[in-house]
Amino acid sequence: MNEQVKLIFEKIKEYDKILIFRHFRPDGDAVGSSKGLATLLKNTFPEKKIYLQNADFAEYLAFLGGEDELLAPEEYADALGIVVDTATQDRISCKNYSLCKELIKIDHHIPVQSYAGLEWVEEHRSSCCEMIAAFYDELKTELKMDEAAATLIYTGMVTDSGRFRFREVSPETMRLAGLILSQGIDTEWLYANLYMKEYHTFKFEGYVYKKMQISKNGVVSMFITNKMKKKFGLSSEDASAAVSYMDSVKNSLVWIAFIESDDGAIRVRLRSRFLPISDIAERYRGGGHACAAGATVYSKAEMKALVKEADEKLKEYKMAHEGWL
Ligand code: AMP
């Protein structure tokens, strides 16, 4: 058995209270892994107090169910905290995580910071939910899986792997997905929830196709202003989805959405095919995975500089490689 899995399970058995944390602005993997693990542990240990402790939520994932109320800070002192899908402390949604007696980290991001006493980090995994599935696989005889837990875990596996499309998807991913799927998930219901969009969102999608820009070497980008959000009636989450609309432009291996926030900061969502771009994100107050990263900029000049860096990098990549599309 994986040594980290064994140690984590021993800790879980030791504690009566377990608090589960994830990163802010949660995606399908953050929600799926936090809620999936919570459900799995609640099924297995009905006598334990197991709570999700997160300060924010994603409206578009509301179909996955609700959240627990935040506990008073003094309630953390005797708890085991488990943080899933979060590489760095500053991205943990609920800041009280540090009050837990002990902390565990389960993550699949590039390990830039160590913040827990016990850490299980596997960068090659296509999702954190894949790690929760692996955790279950190792402890099948001890853990109680059900359809609800499986649906949550499968959702993260599906969403963070781009519907099993990204390179990180391995035979092991598919084996674990099969194991989770065998719990009887209603995949048609799940995909309907993942794909259905509001009418105004389709209108916005059309607008993105009209307005997106392409640099000399093929970086596609779009700045989504607060004014546009208002015009199309978009939430920040709706606006942020624009990055995925730009993902299949021929000759473009890098695509970037800049999303204006109310406080003046501009959220940057960077995506790429074949070449890593997380180093660029790191230079602009961010980080993430090699080909899916995030950052923050504060001006049009910074946006321009970031696109220029990406364009240079893409130029070098195209000169040095063949076979890109
Ligand atoms: P996003 O574009 O927000 O979906 O982020 C893509 C990936 O980069 C996710 O795995 C995030 O956890 C990570 N990420 C986003 N923003 C940051 C940041 N400011 N610092 C570190 N990692 C980030």
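Q: Does S221 count as buried or exposed, and why?

A: Before the answer, please note that this is a predicted model, in which local features need pLDDT of at least 70 and side-chain atom pairs count only at pLDDT 80 or more, while totals for chains, interfaces and linings use all residues. Residues are numbered from 1 along each chain as its sequence is written, and side-chain values use heavy atoms, with hydrogens and water left out. Buried means under 20% relative accessible area, exposed over 50%, and partly exposed in between, with a 1.4 Å probe and protein chains only. S221 counts as buried because its relative accessibility is 11%.

Q: Where is S221 placed, and with which residues is S221 in contact?

A: Strands (E, at least two residues) and helices (H or I, at least four) are DSSP runs numbered from the N terminus, and S221 belongs to strand 7, residues 219-224. Contact means heavy atoms within 4.5 Å; leaving aside neighbours within four places in sequence, S221 is in contact with M212, Q213, M246, I256, F258 and V307.

Q: How much space lies in the second largest pocket, and which residues are closest to its centre?

A: A pocket is found on a 1 Å grid over the protein atoms alone, as an open set of points where a 1.4 Å probe fits, with protein on both sides within 12 Å along at least five of seven lines, and lining residues have an atom within 4 Å of a point. A volume is the space filled by probe spheres set on the points, which are joined across faces, edges and corners. The second largest pocket holds about 370 Å³, and of its 14 lining residues the closest to the centre are Q213, S221, M222, F223 and F258. Strand 6 (213-214), strand 7 and helix 12 (300-320) each give at least two residues to this lining.

Q: How is strand 7 joined to strand 8, and what pairs with strand 8 in the antiparallel sense?

A: Two strands pair if DSSP finds at least two bridges between them. Strand 7 and strand 8 run parallel and are joined by 6 bridges, with V220 standing opposite W255 in strand 8. Strand 8 (residues 254-260) also pairs with strand 9 (residues 266-272), in the antiparallel sense over 7 bridges, and there I256 has L270 as its bridge partner.

Q: In what order do the 5 strands of the open sheet stand?

A: The order is 2-1-3-4-5, and the pairing is parallel. Strand 2 (49-52) and strand 5 (118-121) stand at the edges with a single partner strand each, so one side of each is left without a neighbour in the sheet.

Q: Which way do the residues of strand 3 point?

A: In a regular strand the side chains alternate between the two faces of the sheet. In strand 3, L80, I82 and V84 point one way and G81 and V83 the other way, and all are buried. V83 is the bridge partner of F21, whereas V84 has I106 in strand 4 as its bridge partner.

Q: How many residues of helix 3 are buried?

A: Helix 3 (residues 128-138) lies across strand 3 (80-84), strand 4 (102-107) and strand 5. Because 10 of its 11 residues are buried, helix 3 is largely enclosed by the rest of the structure.

Technical notes: Axes fitted to C-alpha atoms, helices over the stretch in contact; angles between N-to-C directions.
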